[in-house]
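Here is a short report on one protein chain. Keep the sequence and the model open beside the text.

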Amino acid sequence: MSETAPPASELSVPPAEEATVPAAGVAPAAAPAPGAAQAAAQRTPHRRLVIDLGHPFVWGFTATVGALIALSLAGAISSLSTVLVSIGVALFVALALDPLVRWLENHGMGRGLSIGVVFAAFAIIIGGVLALVVPTAVVQITAFAKAVPGYITDIQNADWFKNLVALSGSSDMFANLLAQAQSWLSDPANLLAIGGGALAVGTGLVNAISGTLIVLVLTLYFLASLRSMTSALERLAPAHARPQLAEITEQITESVGGYVSGMAILAFCNAVFAFILMTILGVPFAALLAFLALLITMIPMVGPVLFWLLATVVILFTSPLSALIFAAVYFAYMQVEAYVMTPKVMNKAVDIPGSLVLIGAMVGGTLLGLLGALVAVPVTASLLMIVNTVFIPRQDAKVQPS
């Protein structure tokens with residue numbers, strides 16, 4: 001008994017086989033090239049949101065939204081100013097302490113132990129300065145503010161002042177100047193703010209202590225992770241540019257660290273000399289003025305001159321002779337500091353033209369007070385170093401017009 005083949009309509013082929021088996025007499029279709037799908041996807045047009053800025057309403061709306069976003073960012077940065085100042089201070093202190101850590105490492109001490117020794121010594125020095133100077137300075141600020149009216153009266157009754165007024169014939173002008181000086185100096189907040197914005201003693205002892213602790217903790221973290229931070233920064237650049245970036249980063253960190261530590265040493269020497277000189281002259285507010293010298297003289301070039309004028313005027317209230325002696329002796333010290341001490345202390349620090357130093361100090365002081373004036377110089381030097389190392393060689397290599 002023979003089996004009959006099922007009719008053609010009952011034949012079934014699996015779907016996968018239907019896709020792969022070609023019909024009889026038909027050539028199989030060529031397989032797509034490996035990159036054909038990607039090329040087709042790239043040729044497919046993407047949908048884009050196009051804004052017609054030619055329309056006045058759309059342009060005004062876009063500009064308003066951009067301005068609101070910019071104002072919001074500015075407000076956020078302003079609200080975080082205290083945090084940013086603490087981070088900036090801690091970073092620059094870490095850069096200032098890093099040369100000492102490297103020196104200990106070069107003399108056989110491990111990096112961890114070197115960081116511990118340097119940071120412990122720094123914390124002890126800062127704690128001692130705050131414990132000895134700040135309470136005395138705050139007390140003397142209050143006493144000085146209360147004594148200002150009496151000093152103004154003594155000046156007005158002094159024979160030299162009466163002779164000066166008689167020779168100039170401008171009694172009203174001198175009276176107005178003394179009145180303004182009395183009004184400004186009688187306000188303790190003005191004296192507290194002389195040191196410059198966020199780093200002044202000023203907003204209270206509790207805030208000063210808490211801010212100092214935050215800066216110390218951040219300094220320890222930055223000091224311990226300074227190398228890893230620079231390595232992470234280098235990895236952001238392409239592989240071919242990393243050696244040059246590493247060299248530039250090393251130069252910047254070394255020069256900034258040398259500058260900050262050098263300015264701290266010079267300011268400390270300046271404050272000690274001013275305190276000793278004013279103590280010998282019998283100035284009643286020597287500790288207060290020495291503390292102001294420690295802060296003000298960290299401003300490059302301008303700081304010592306500013307303190308010289310301020311201290312001379314303050315001492316003039318108590319004794320004209322003492323003010324004259326102080327002005328002469330301190331002026332001689334400024335010459336020694338400028339021509340003898342500064343070249344030795346700052347020999348490995350930044351080297352930028354004096355005009356850029358003044359411009360940077362003025363801009364930084366206007367924005368962030370003492371911290372801005374201190375930071376502006378190494379920032380300016382870093383930018384100048386990047387321009388001389390990266391931009392200028394590229395421009396020199398362009399010998400043919402493009």
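## A glutamate in a helix

E337 touches L266, N270, P304, T342 and P343, leaving aside residues up to four places away in sequence. Contact here means heavy atoms within 4.5 Å. E337 is part of helix α14. Is E337 buried or exposed? With 7% relative accessibility, E337 counts as buried. The cut-offs are these: buried is under 20% relative accessible area, exposed is over 50%, and partly exposed lies in between, using a 1.4 Å probe and protein chains only.

## What kind of model this is

This is a predicted model, in which local features need pLDDT of at least 70, side-chain atom pairs count only at pLDDT 80 or more, and totals for chains, interfaces and linings use all residues. Residues are numbered from 1 along each chain as its sequence is written, and side-chain values use heavy atoms, with hydrogens and water left out.

## The chain as a whole

The chain has 15 helices and zero strands. Both are DSSP runs, numbered from the N terminus: helices are H or I with at least four residues, strands are E with at least two. Of the 402 residues, 31% count as buried. Take the contacts between residues at least 6 apart in sequence: 68% of them join residues at least 24 apart.

## Helix α14 and helix α13

Helix α13 covers residues 302–318, and helix α14 covers residues 320–345. Their axes come within 7 Å and cross at roughly 165°. Therefore α13 is roughly antiparallel to α14. Axes are lines fitted to C-alpha atoms, for helices over the stretch in contact, and angles run from 0 to 180 degrees between N-to-C directions. Angles under 35 degrees count as roughly parallel, over 145 as roughly antiparallel, 65 to 115 as roughly perpendicular, and the rest as oblique.

The crossing of α13 and α14 is right-handed. Residues making the contact include P304, F307 and W308 of α13, and F326, Y330 and E337 of α14. By class, this contact has 14 nonpolar residues, three polar and one charged. Nonpolar covers Ala, Val, Leu, Ile, Met, Phe, Trp, Tyr, Cys and Pro; charged covers Asp, Glu, Lys and Arg; the others, Gly among them, are polar.

## Helix α14 and helix α11

Helix α11 (residues 242–281) also packs with α14. The angle is about 155°, and the axes are 11 Å apart. So α11 is roughly antiparallel to α14. Their crossing is right-handed. Among the residues in this contact are L266, N270 and F273 of α11, with F326, Y330 and E337 of α14. The contact divides into 15 nonpolar, four polar and one charged residues.

## Salt bridges

How many salt bridges does the structure hold? There are five. Each is a side-chain nitrogen of Lys or Arg within 4 Å of a carboxyl oxygen of Asp or Glu. D98 pairs with R102, the closest N and O atoms being 2.8 Å apart. These two are four residues apart in helix α4 (residues 81–106), so about one helical turn separates them. D98 is buried at 6% relative accessibility. R102 is partly exposed at 26%.

D98 also forms a salt bridge with R111, at 3.8 Å from N to O. R111 lies in helix α5 (residues 111–157) and D98 in helix α4, so this pair ties together parts that are 13 residues apart in sequence. R111 is buried, at 17% relative accessibility. E105 forms a salt bridge with R111 too, with the closest N and O atoms 3.2 Å apart. Through shared partners, salt bridges join D98, R102, E105, R111, R227 and E250 into one network.

Terms used
A crossing is left-handed if the near helix is turned anticlockwise from the far one by less than a right angle, and right-handed if clockwise.
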